[in-house]
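Student: I am new to this entry and would like to learn how to read the contact between two chains. Could we go through it together?

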Amino acid sequence: MIEVISAGLHTSIQDLGRFGFRHIGVPISGAMDQTSAQLANALLNNNPDAAVLEMCIIGATLKFTKDCYIAVTGAQSSIKNNSVIFVVENTIVDFGRIKNGNYIYMAIKRGINSKNILKSRSFYQGITPQSQLKVGDKINYQTIENNILNRSTIKNNSQLFQNNKIAVFKGPEFDLLDKKIQKSLFNQQFSISSKSNRMSIFLDHNISNITANEIITSSVQPGTIQLTPSGQLIVLMRDAQTTGGYARVLQLSDFAINQLSQVQIHQKIKFALINS
Amino acid sequence: MFKKIEVFGQHAILISWGNNINKSTSIDIHQFNQKIINSHNKLISETLVTYCSLTVYLKDTFHIKHTINWLKKLYLATKNTTLPQSKIWKIPVCYDPKFGIDLQTVASVNNISIDDVIFLHTQATYRVNFIGFLPGFPYLSGLNPRLYTPRRSKPRAQIARGSVAIGGQQTGVYPIKSPAGWQIIGRTPAVFFDSQKNPPCSMLPFDKLQFIAINIDQYRQLTDD
């Protein structure tokens, strides 16, 4: 098993998400950057929904008590990215500071064996006992039988870490916006506020007089961008609530959610409208 | 009849009934929702009902236009669907000021006494419209207009699980501890959401709910069990 020697800033177990319970208010959760999480599992020939460790900004230090194979993807850490790594028993691995992005993903051959709650291993406060790992936690994985011969490094999607063209669709309330506000959503830059987390990313901007009326509570999803009456732009992410009363002005594409998750605090982005 | 059916991102179809919250709209939405559930369409991950909308979430991005056509045909199919039997939930609430930290605010804003607040809150029979916002959080209609109170200008970072609250024209119960902008008027020992149970939340749209006042000793007995 893996023993947590130090927990980093926010390390959690995530898979592709918890589906089937949104009608009773349960968010999907799951890996913030699913492009990278899926790549880590693919490198190890795991099931796509195998659970991985997600680490944010400061990586964890982990002790592996048995031989295993891991793969690390996402932003840069102290550990080599995008290839299969054999870890011998009793090795302590320090993932260190995470750079050029926010999240890294560590997959392990056959996946993490934590408890499935409501059909998913993804951590979420109020559903799973913990929302993040702490020092002393022990995580189970299966011991390996075969040697993996693949030692090549593969490339992650090169678009993942660029910020200039975050693809969006018009949201359900886009057409209710003033035409000037509609234009400004595409010709302005937005920066990521430090208030951001797995539930929502707050966008800082300099647009004056930007506003939208509240709506009768309706559905929202990861990638929904809300505009509040006071002009706040909020991008809902994986742990976001299932319903909301603010105008839904834009909706990120699936890939754009993964891109945005890796944009660091105070960095700037620009949206590009997809005509569907 | 729904007003609009549109693509909502790459995974979802949003069906809208306009902006009026009323019973016939609710019935229409729930009938349609039940038809979709009964069809067991393997492309659909889940559906979500709110006051005036129904969202259909798909498992993949490929079949979205195909599913819109399928939904339109399904809606027009004339077979009547039986909705699940609705239940009446009686929820014990302790309105002691120790738990009801905003009772005085609600009373003052409405120019009534705290006893009046408790009376009006427990007198009504509420309808469950849908569950959302948090796991197990019921959106209830039927709050007496004399209890309408604006949300707090600054939300609290965390309130206790079971907190009973009023926000604007709505009332509800926080099933888990959470940040909250609503006015807290009491606490219930009733469990609205338990991730260890199947299903984790038994409350369904169209169920009815009543709040029953209990005192602090009764509250303690119920929580020690």
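Student: Which side chains meet in a salt bridge, N to O?

Tutor: A salt bridge is a side-chain nitrogen of Lys or Arg within 4 Å of a carboxyl oxygen of Asp or Glu. Here the side chains of A:R22 and B:E46 form one, at 2.8 Å from N to O, and the rule finds 1 salt bridge across the interface of chain A and chain B. This is a predicted model, in which local features need pLDDT of at least 70 and side-chain atom pairs count only at pLDDT 80 or more, while totals for chains, interfaces and linings use all residues. Residues are numbered from 1 along each chain as its sequence is written, chains are lettered from A in the order in which they are written, and side-chain values use heavy atoms, with hydrogens and water left out.

Student: How many residues does the contact take from chain A and from chain B?

Tutor: Contact means heavy atoms within 4.5 Å; chain A gives 32 residues and chain B gives 34 residues.

Student: What area do chain A and chain B bury between them?

Tutor: The size of an interface is often given as the accessible area lost when the parts come together. Buried area is that loss for two parts (1.4 Å probe), summed over both. Chain A and chain B bury about 2,800 Å², with 57% of it on carbon and sulfur atoms. On the side of chain A, the residues that lose the most area to chain B are A:R22, A:I24 and A:I216, together 21% of what that side buries.
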